[in-house]
Amino acid sequence: MTKGACSNCGREAPDLHKCTGACGGEDMYCNRQCQKKDWKMHKQICPRGDSAAQPLTFLMPAVDGQPEVPLRIVHRMDGIGNSGVALCFSDHLGQDRLIPYADLVYGYWDNDEDEKRDLLNAMTEGEDMFTYDIVTTPVDRDIMKLKPGEAVFNNDKCPDAVNALLSNGIIKDTGKRVNVGYYQNLPICRIHAPQTDKLDPETARR
């Protein structure tokens with residue numbers, strides 16, 4: 001048994017059971033009943049048989065004069081211990097699909113092929129200075145207690161990115177809403193991606 005919070009009901013306890021499926025124990029539950037109730041959400045990261053896990057890469061549509069760009073989601077803890085989501089550049093469609101965006105935003109290689117490839121490599125390796133965006137907003141537990149895998153998505157600051165995540169099935173709107181500072185009525189969504197490492201606290205508060 002493991003200490004933590006149930007991914008279904010949110011109960012914090014020292015006697016939770018980790019899922020033993022393909023997710024590797026990503027989610028924990030009070031009992032079989034909680035696990036069954038959460039299966040519709042959990043199966044996105046814990047497929048059975050020939051089913052595939054939720055893809056974590058997608059093509060961000062062209063917005064505000066910027067070209068479309070391939071991205072990947074990174075699910076990490078934010079600066080106050082809740083789930084956070086960063087969008088990083090992806091080479092799942094090949095590095096050349098990043099060139100129009102890189103040329104517009106970072107275009108300083110002066111036709112130097114080696115410099116261009118170095119930049120594209122740095123973008124896809126997820127270096128912090130090349131993160132596309134952080135789409136979640138930390139919320140204090142006194143304001144809203146989130147379940148594991150839930151996060152507050154800032155559709156005020158980055159509406160196009162949040163809509164793209166929803167339409168690609170990478171996150172699911174729970175129907176809950178919260179006000180954080182001057183951001184009002186922000187959606188709380190379940191993240192269909194395994195958690196990796198932690199976001200730097202200062203980065204998470206940007």
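**The aromatic cluster and its surroundings**

Reply: Phe89, Tyr101 and Tyr132 make up one aromatic cluster. The model is a predicted one. Over the whole structure, a search finds five aromatic pairs. One of them joins phenylalanine 89 and tyrosine 132: the ring centres are 5.9 Å apart and the planes stand at 90 degrees, an edge-to-face pair. Phenylalanine 89 belongs to strand β6 (residues 83–89), while tyrosine 132 is in the loop between α4 (113–124) and β7 (133–134), so this pair ties together parts that are 43 residues apart in sequence.

Buried or exposed, what is phenylalanine 89? Phenylalanine 89 counts as buried because its relative accessibility is 0%, and the cut-off for buried is under 20%. Tyrosine 132 has a relative accessible area of 16%, so tyrosine 132 is buried too.

A further edge-to-face pair consists of tyrosine 106 and phenylalanine 130, with 5.1 Å from centre to centre and 90 degrees between the planes. Tyrosine 106 is in helix α3 (residues 99–106) and phenylalanine 130 is in the loop between α4 and β7; the two are 24 residues apart, and the pair links distant parts of the chain. Both tyrosine 106 and phenylalanine 130 are buried.

Next come the helices. Helix α3 packs against α4 at an angle of about 100 degrees, and the axes are 11 Å apart. Angles of 65 to 115 degrees count as roughly perpendicular, and α3 and α4 are therefore roughly perpendicular to each other. On the α3 side, the residues that meet α4 are Ile99, Tyr101, Ala102 and Tyr106. On the α4 side they are Lys116, Arg117, Leu119, Leu120 and Met123. Tyr101 of this list is also a member of the aromatic cluster.

Strand β6, which holds phenylalanine 89, also contains serine 83. Serine 83 counts as buried because its relative accessibility is 8%. Its side chain makes a polar contact of 2.9 Å with the side chain of histidine 75. Apart from neighbours within four places in sequence, the residues in contact with serine 83 include His75, Met77, Gly149 and Ile191. Between serine 83 and lysine 147 there are 9.1 Å from C-alpha to C-alpha, although they are 64 residues apart in sequence.

The charged end of arginine 48 sits over the ring of tryptophan 39, at 4.5 Å from the ring centre.

Note on methods:
Residues are numbered from 1 along each chain as its sequence is written. This is a predicted model: local features need pLDDT of at least 70, side-chain atom pairs count only at pLDDT 80 or more; totals for chains, interfaces and linings use all residues. Side-chain values use heavy atoms; hydrogens and water are left out. Rings of Phe, Tyr and Trp (its six-membered ring) pair if their centres lie within 6.5 Å; planes under 30 degrees apart count as stacked, over 60 as edge-to-face and the rest as tilted. Helices (H or I, at least four residues) and strands (E, at least two) are DSSP runs, numbered from the N terminus. Buried means under 20% relative accessible area, exposed over 50%, partly exposed in between (1.4 Å probe, protein chains only). A charge sits over a ring if NZ of Lys or CZ of Arg is within 6 Å of the ring centre and within 35 degrees of the ring normal. Contact means heavy atoms within 4.5 Å. A polar contact is a pair of N or O atoms within 3.5 Å; within protein, one must be able to donate a hydrogen and the other to accept it, and residues adjacent in sequence count only if both atoms are side-chain atoms. Axes are lines fitted to C-alpha atoms, for helices over the stretch in contact, and angles run from 0 to 180 degrees between N-to-C directions. Angles under 35 degrees count as roughly parallel, over 145 as roughly antiparallel, 65 to 115 as roughly perpendicular and the rest as oblique.
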